[in-house]
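Colleague: Please pick one part of this model and look at it closely. I would like the details with their cut-offs, then how that part sits among the rest.

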Amino acid sequence: MLRAFLIVSCFAGSACAAQQTARTSDSLFASPAAELAREHAPDLYEQAQSAWAEAEVAQRRKEEQAADDHRTEARLWLAAGVAEAERVQLEQSRAELQREEERWAKQLARDQEASVNVARDISRFEARAVALREAERLSTLSEGPTLSDATLDAILTRVQLNLALAEALGASDAQLSPLRDRTEVIARKRPQSAKAAESLLLRTEALIGEMRAQWPEPRAGASTELIETATATGFAADRLGNGVLIRSERFFTSNGQVSNATVKRFHGLLAAFPHGPVACQVAVPEIRSRVWARRVASLVERLRQMDDPGRVSTGMVVTQALRAGAVQCTFAAYRGL
Amino acid sequence: MVLAERQLERRTAQGQWVATQRRLTATRDRARAQRRALEALMRDRASLARTGELR
């Protein structure tokens, strides 16, 4: 591109004029710039050649002045042809640059959209991590030494939300009033022990379950509520064809003990969503492992410590898809709602 | 006259070429920066997915 510019400059600029007068037809029309003009501006190239032919005719007639004029005309036509060729090449190059720009712009748009989706995933992961920490904190209250003001406020807020939900589900004043009174007392006295607050929280969750249990089967939207509640209480939850699948890798502690906190959270979830059987599977490295058989037996015993001990069935499964000790439970009644 | 017109058009084309080249450079730089940002986000997401149980 730069070479063509220089050639054009040489044709059009006065600095080259002296050299040009001495040129022959061959040197003028055989130059790379003239080749470009012939290719991209054939009409102007033709004009230049015609003028040069007329110059030669005039030269043969010994008409020096006319010959000089025709040669100058030929050079000007050729310079115009080269300028035109240069313009055409610039346009072609610009079109190529535009195509490249469009390719980058498309990649940019795709990556921007992908970034939004990944950022959304990150927010979701972070929100779930916060929910998990909060849920575990609440479920270990009775095991902690004292209850902080912030934690007590968080519990009372959740209690009030649960009471509002229970009321929306049809709980009567007779059911709600005693719980509201307890809430007020705890808010006023602000006890150091977590037992009263935790007991109240569990009671409100159970009341929600009682309200839901009055229906013969889960109502529309129940599976979404189950997923939201499970997520808020620190479980992973997915809607599958055969129900809602709740998943956790925290049912066992790192030393293989059943986690009180996780079982307590899971019991709360069972109480709040009372319909139908729940089938749990514990991922184990091998089916004949005695260690895992003992651990799973311990978990089964803990899960059965509830109002309806036969509701949850638990088995073992060997799978590479889950980490050893991961538990997944299907709430079968919450299918397609 | 013809030469002047052609030179003017060439100069215009040259200006447009330079503008397009600048736009291309800017778009390419943005796209590369966005790609780096996306890769960083994907690493963060993978890290979060690994550390939490909630996949």
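Modeller: Start with a helix pair, α7(A) and α9(A): their crossing is left-handed. Helices here are DSSP runs of H or I with at least four residues, strands are runs of E with at least two, and both are numbered from the N terminus.

A word on the basis. This is a predicted model, in which local features need pLDDT of at least 70 and side-chain atom pairs count only at pLDDT 80 or more, while totals for chains, interfaces and linings use all residues. Residues are numbered from 1 along each chain as its sequence is written, and chains are lettered from A and ligands numbered from 1 in the order in which they are written.

Back to the pair. Two packed helices are described by the angle between their axes and the distance between the axes. Helix α7 of chain A spans residues 149-168 and α9 of chain A spans 195-213; their axes lie 9 Å apart, at an angle of about 20 degrees. That makes α7(A) roughly parallel to α9(A). Axes are lines fitted to C-alpha atoms, for helices over the stretch in contact, and angles run from 0 to 180 degrees between N-to-C directions. Under 35 degrees counts as roughly parallel, over 145 as roughly antiparallel, 65 to 115 as roughly perpendicular, and the rest as oblique.

Who touches whom? From α7(A) come A:L152, A:I155, A:R158, A:V159, A:N162, A:L163, A:L165 and A:A166. From α9(A) come A:A197, A:L200, A:L201, A:T204, A:E205, A:L207, A:I208 and A:M211. Contact means C-beta atoms, placed from the backbone, within 7 Å. The residues of this contact divide into twelve nonpolar, two polar and two charged. Ala, Val, Leu, Ile, Met, Phe, Trp, Tyr, Cys and Pro count as nonpolar, Asp, Glu, Lys and Arg as charged, and the others, Gly among them, as polar.

Helix α7(A) also packs against α8(A), residues 173-189. Their axes come within 11 Å and cross at roughly 165 degrees. The two are therefore roughly antiparallel. This crossing is left-handed too. On the α7(A) side the residues are A:L156, A:V159, A:Q160, A:L163, A:A166 and A:E167. They meet A:L176, A:L179, A:R180, A:T183, A:I186 and A:A187 of α8(A). This contact divides into eight nonpolar, two polar and two charged residues.

The loop between α8 and α9 of chain A holds A:R190. Its phi is positive, near 45 degrees, in a residue other than glycine. With 13 C-beta neighbours inside 10 Å, A:R190 counts as partly exposed. The scale is this: 20 or more other C-beta atoms within 10 Å make a residue buried, 12 or fewer make it exposed, and anything in between is partly exposed, with C-beta atoms placed from the backbone.

Two other loops are worth a glance. A:K62 sits between α5 and α6 (64-139) of chain A. It has a positive phi of about 65 degrees although it is not a glycine. A:K62 is exposed, with 8 other C-beta atoms within 10 Å. A:A41 lies between α4 (32-40) and α5 (42-60) of chain A. With 24 C-beta neighbours inside 10 Å, A:A41 counts as buried. Leaving out residues up to four places away in sequence, A:A41 touches A:G81, A:E84 and A:A85. A:A41 and A:E84 are 43 residues apart in sequence, yet 6.2 Å apart in space, C-alpha to C-alpha.

Now the wider setting. Chain A has twelve helices and five strands. Of its 337 residues, 32% count as buried. Its five strands form an open, mixed sheet in the order β1-β2-β5-β3-β4. Strands count as paired when DSSP finds at least two bridges between them. β1 (236-240) and β4 (312-318) of chain A stand at the edges, each with a single partner strand, so one side of each lacks a neighbour in the sheet.

Finally, the second chain. Chain B has one helix and zero strands. In all, 32 residues of chain B are in contact with 37 residues of chain A. The chain B side divides into 13 nonpolar, eight polar and eleven charged residues.

Methods
Two residues are in contact if their C-beta atoms, placed from the backbone, lie within 7 Å. A crossing is left-handed if the near helix is turned anticlockwise from the far one by less than a right angle, and right-handed if clockwise.
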